Amino acid sequence: MAVNDIADRFVDLACLTYGNDESRARRTEARSLLAETPDIVHASVHAAAAAGDVDALRMHLERDSRCVELRATSRDWVPLMALCYSRVEQRDALACLDLLLA
């Protein structure tokens, strides 16, 4: 599976669904994907946001500040939504929020 596909899968599993969240298996799989493929935060601004990885998010923004408007993943979300709805442990959610809102 390509790293971009893994990143999309991570975001999908990490974020609240309002329907399939009674199972912790989704978050467990998301954490495993991130642990096994840490580069997914560099491949996807949405994965960086969902992981709360401020360094990776800053890198994406330095490359293209318009990436905050990028709609992606199966939910057609901007990175801010991935940050807010993520249910995995985030490295620095508040710093990521500041970056995305600036």
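Is W77 buried or exposed? At 14% relative accessibility, W77 counts as buried. Buried means under 20% relative accessible area, exposed over 50%, and partly exposed in between, with a 1.4 Å probe and protein chains only.

A word on the model. It is predicted, so local features need pLDDT of at least 70 and side-chain atom pairs pLDDT 80 or more, while totals for chains, interfaces and linings use all residues. Residues are numbered from 1 along each chain as its sequence is written, and side-chain values use heavy atoms, with hydrogens and water left out.

Back to the tryptophan. The whole structure holds one aromatic pair. W77 and Y85 have ring centres 5.1 Å apart and planes at 40°, so the pair is tilted. Rings of Phe, Tyr and Trp (its six-membered ring) pair if their centres lie within 6.5 Å; planes under 30 degrees apart are stacked, over 60 edge-to-face, the rest tilted. Y85 is at 23% relative accessibility, so Y85 counts as partly exposed.

The charged end of R75 sits over the W77 ring, 4.8 Å from its centre. The test is NZ of Lys or CZ of Arg within 6 Å of the ring centre and within 35 degrees of the ring normal.

Now the whole fold. The protein has seven helices and zero strands. Those are DSSP runs: helices are H or I, at least four residues; strands are E, at least two. The C-alpha atoms fill a box of roughly 35 × 25 × 25 Å along the principal axes. Of the 102 residues, 42% are buried.
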